[in-house]
Amino acid sequence: MGYHIDISAAKPFNNIPLKWIAMAGFYVWQIEQDDFRQNDAFLFGTGLEWTPKNWLIKSYVAGYLGYIENSGDKPVVFRAEAQRRINKTVLLLRFQQGLNDFEYSTVEVGGKYYFK
């Protein structure tokens, strides 16, 4: 059980389809330890989003930093995503690499179809 609250913002660059994206917040979740009943963490993310014609390309770092030492509660990941829109169809490729307290790499390939 847990909850989070965050604030997100984006700042476009002048005359090019590029913007800086950022997020900061607070994350709380329940844990089952005798000395701690919950863990709190600073939630964060930042990166760039590029949207040339019919493309969406994102690259960012995100994660949270909990306060319990040596417990694996500081996962940070790098994410990259590319989407290509062709009429009502979107093809996508996503990659995620753990940088800290997250030992996995993931790749996602997929598609979306817009009915309207």
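Q: Why is Glu 81 called buried?
A: Glu 81 has a relative accessible area of 10%, and buried means under 20% (exposed is over 50%, partly exposed in between; 1.4 Å probe, protein chains only). Glu 81 therefore counts as buried. The model is predicted: local features need pLDDT of at least 70, side-chain atom pairs count only at pLDDT 80 or more, and totals for chains, interfaces and linings use all residues. Residues are numbered from 1 along each chain as its sequence is written, and side-chain values use heavy atoms, with hydrogens and water left out.

Q: What makes the pair of Glu 81 and Arg 94 a polar contact?
A: Their side chains make this contact at 3.3 Å. The definition asks for a pair of N or O atoms within 3.5 Å; within protein, one must be able to donate a hydrogen and the other to accept it, and residues adjacent in sequence count only if both atoms are side-chain atoms.

Q: Which residues does Glu 81 touch, not counting residues up to four places away in sequence?
A: Glu 81 touches Leu 56, Ile 57, Lys 58, Leu 93 and Arg 94, where contact means heavy atoms within 4.5 Å.

Q: How many helices and strands does the protein have?
A: The protein has zero helices and seven strands. Both are DSSP runs, numbered from the N terminus: helices are H or I with at least four residues, strands E with at least two. Glu 81 lies in strand S5, residues 76-86.

Q: Why is the protein called more spread out than a compact globule?
A: Its radius of gyration is 17 Å, well over the 13 Å that the globule rule gives for 116 residues, so the protein is more spread out than a compact globule. The radius is taken over C-alpha atoms, and the rule is 2.2 Å times the number of residues to the power 0.38.
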